[in-house]
Amino acid sequence: MADLNNLSAIDFEDLCLDIAREEFGVRFSSFGPGPDGGIDGRHSKGNGFIILQCKHYANSKFQDLLNSAKKEIEKLKALNITRYVFFTSCSLTPLRSNQLYEIFKPYMKSPNDVWGKEDIGAAIRRYPKIESSHVKLWLSGASVLKRVLQSGLEEFTKVTEHEIREEVKVYVKNPSFDEAVAKLEGEKVLIVSGFPGVGKTTLAKMVLYKYLHDGWRFYEIRTLREGFVNIDDGTPTIFFFDDFLGRIELDRQSLLNQDSALAKFVKRVRDSKNSRFVLTTRAHIFEEARTISDYVDNPRFQLSKYLLDVGLYTRRVKAHILFNHLAVSGFSKLHFAALLREDWLIKIVDHKNYNPRVIASVSSDCIESVSPENYASYIFQALQKPELIWKKPFEALNLASKNLLTALFFGNEYSQDIEDLRDVYQYFHRAIASYYGQSVNPNDFENSLRLLESGFLSISGKNTSFVNPSLKDFLKLYFTNKEFINVLPLGVKRVDVAKAVWSYGKAIFSGNKNYLTDFANKFIEFSSKIEVTSVNKTEIINGTVYLYRDDLTLPNRIELLIEWWVNSRNEQYLAKATALLSSDFPACRMWSEARDLPALHMMVMENLDDKNKYKSNIKKLVEERLYKVISEGIPLDDLSCVYKNIECYFHNPILDELKRALDCDISNRINNTDDEIRYLGTERELTEHLEILEQISNVSGHDICKAKEVINEKISNLDESSYESQTSSYTSRRLREKEDFKDNDVISLFSKLVID
């Protein structure tokens with residue numbers, strides 16, 4: 001039997017309306033909840049009405065329900081009723097049902113117009129599409145919960161069955177859910193985008209729950225290589241990549257390192273009948289990514305066509321989100337009554353900073369500390385200043401734990417496994433503790449990790465992340481102490497961490513040139529060992545060796561050195577840049593530098609004047625390195641981007657020389673199309689190869705007619721069997737009739753918390 005306990009009063013009314021529409025074959029209008037004059041649904045019939053009344057008394061005594069029913073009879077006398085139907089989530093015996101019927105007998109056709117928990121369960125079984133459209137019904141089932149808990153979806157947050165049930169209780173379904181499933185089925189890829197805290201991950205998880213309910217395998221990935229390793233055309237699998245472009249701001253380096261891999265994995269998913277891919281990102285991060293990545297903004301790749309922007313909640317949905325959270329909270333009716341005074345509810349629901357994450361916090365984290373008379377203003381202030389949620393608990397932490405959060409804040413967005421974090425932490429912790437005269441304990445990392453795991457950190461296997469992005473939002477606002485910021489360069493080891501610290505400090509000190517100069521000089525010691533960390537790292541997964549980015553490329557490191565020189569005029573930075581360019585660092589995979597070297601060349605030309613003794617040498621070394629990268633071969637996917645960058649950042653005579661070298665490589669690739677497409681076996685792969693060549697032709701002017709003939713001939717010779725793509729069993733639920741949710745409706749809704 002369906003578990004009705006997970007439904008709020010509003011959810012229960014929606015369910016009963018759906019059942020009545022199916023059972024009686026007529027359309028019922030729904031009404032604003034709360035003191036409703038005895039009406040939750042109405043159907044016009046001749047000179048009268050069929051009236052529905054819903055009482056959600058699943059965990060109440062029958063006597064309480066009986067007393068409430070007796071109050072309803074007085075309201076009915078003023079209504080022109082042809083039939084009255086009473087729904088309750090309370091379990092009814094024949095005797096109890098008859099007692100209710102006797103109360104409403106003048107307005108009912110028969111005792112069958114009294115619907116109890118058992119009757120509702122039977123109707124749900126008769127009309128399966130009702131259950132499929134009510135997420136809370138099917139997700140509360142034991143078999144689905146077991147599948148969710150065994151899938152790995154909740155493993156990275158250590159969520160229990162109880163916590164999933166609690167999460168489901170406060171969930172408010174809105175049209176975004178139906179849109180998301182439809183887009184995912186149509187495109188096989190879904191990117192859920194929106195502002196921080198609007199419910200991106202919640203929506204994505206509900207979509208994932210739905211696929212788990214339908215028997216799909218789940219796989220959460222933190223790197224695209226995990227996706228490639230685990231995709232299986234024979235097993236229906238849905239992949240999930242949360243905050244794939246960065247958790248608080250665009251992780252530019254990670255994007256540039258993996259954007260071509262992202263394109264390839266999306267293509268791989270779309271080629272598979274049994275794969276789906278769900279990603280989440282913040283709206284402003286996605287827009288910034290489009291400006292710097294050819295793959296994100298490429299018309300051929302069209303990543304934006306998979307995008308679903310969420311967070312534009314109607315007034316009704318916002319009110320229901322707040323209602324559901326309060327309904328399951330531990331607050332008293334006195335707290336709820338305070339919300340109904342003056343115009344607090346309206347100010348909260350209509351607040352420009354309304355955010356489900358803040359609502360979740362203010363309805364669960366402060367039960368003992370906020371008195372009823374202050375509760376409404378507390379919620380309003382939390383919306384005014386969301387950082388209030390984290391400030392007090394953060395300041396209560398010891399220094400070692402604060403330093404661990406600092407290390408995670410400035411650490412690499414996609415490499416925060418526990419050992420990487422430990423390494424970053426050790427350096428930060430020693431530097432900060434030493435500066436403030438604090439002792440360091442060998443067990444500080446383990447102790448801090450254990451302390452923070454419950455409320456600040458989420459640990460999944462080897463990966464560590466903030467429990468939710470709002471904590472990182474808070475830290476970004478909190479880390480403003482200039483003395484503290486100046487200590488951080490003394491505690492960095494990795495180049496990507498150094499860059500993060502520099503970018504953050506530069507924003508803090510931007511208004512004072514002397515402060516900025518002093519801050520830039522703080523990196524002198526680190527710059528002497530800037531080449532210590534490797535660019536790439538290898539990992540063996542299931543016997544296969546994978547090579548992936550670990551730290552910044554050489555051009556990025558040189559850019560950082562030049563930027564420090566620009567702000568400090570300390571020639572040690574330019575000397576180090578020259579030495580690094582003259583070395584054989586890194587030893588492999590230089591082709592990945594092709595995109596960055598042209599911009600580095602322009603940076604040298606614009607920031608170092610001709611009198612600078614380092615300029616000509618650095619300029620020459622950058623040019624020689626780019627020639628070498630081109631001669632070693634650049635991946636076809638990158639050729640058009642590199643060609644455009646060379647035209648953008650170089651001027652004659654070096655421009656013509658570089659273009660000739662690149663033109664030679666492009667000609668060879670076009671003339672040897674047979675070899676280039678040898679291992680491509682599907683029409684989609686061949687078509688995309690042709691699209692890449694067309695893109696290269698557009699920027700370079702190369703003739704690809706013969707290559708096009710070769711590709712089209714292979715396409716025509718393909719003998720591929722078609723398949724019907726596996727679709728979800730989702731049944732789209734019709735949208736409710738549009739309602740004008742007025743101030744009185746908001747107040748009516750929340751009065752239920754005081755009256756019932």
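Which residue just after helix 35 takes a positive phi? Gly701 does, at about 85°. The model is predicted: local features need pLDDT of at least 70, side-chain atom pairs count only at pLDDT 80 or more, and totals for chains, interfaces and linings use all residues. Residues are numbered from 1 along each chain as its sequence is written, and side-chain values use heavy atoms, with hydrogens and water left out.

View 1. Helices are DSSP runs (H or I, at least four residues), numbered from the N terminus. The 18 residues of helix 35 should span 26 Å at 1.5 Å a residue, and its end C-alpha atoms are 26 Å apart, which agrees. The expected span is 1.5 Å times one less than the number of residues. At the start of helix 35, a side-chain oxygen of Thr682 comes within 3.1 Å of the backbone nitrogen of Glu685. Buried residues (under 20% relative accessible area, 1.4 Å probe, protein chains only) in helix 35 include Leu686, Leu690 and Leu693.

**View 2. Helix 20 against helix 22.** Helix 20 (residues 399–410) and helix 22 (residues 444–453) pack at about 80°, their axes 9 Å apart. That makes helix 20 roughly perpendicular (65 to 115 degrees) to helix 22. Helix 20 makes the contact (heavy atoms within 4.5 Å) through Ala400, Ser401, Leu404 and Leu405. Among the residues of helix 22 in this contact are Asp444, Phe445 and Ser448.

**View 3. Thr88 in strand 4.** Thr88 lies in strand 4 (residues 81–88); strands are DSSP runs of E, at least two residues. At 0% relative accessibility, Thr88 counts as buried. Not counting residues up to four places away in sequence, Thr88 touches residues including Phe12, Tyr57, Trp115 and Ile120.

How values were computed
Axes are lines fitted to C-alpha atoms, for helices over the stretch in contact, and angles run from 0 to 180 degrees between N-to-C directions. Angles under 35 degrees count as roughly parallel, over 145 as roughly antiparallel, 65 to 115 as roughly perpendicular and the rest as oblique. Buried means under 20% relative accessible area, exposed over 50%, partly exposed in between (1.4 Å probe, protein chains only). A polar contact is a pair of N or O atoms within 3.5 Å; within protein, one must be able to donate a hydrogen and the other to accept it, and residues adjacent in sequence count only if both atoms are side-chain atoms.
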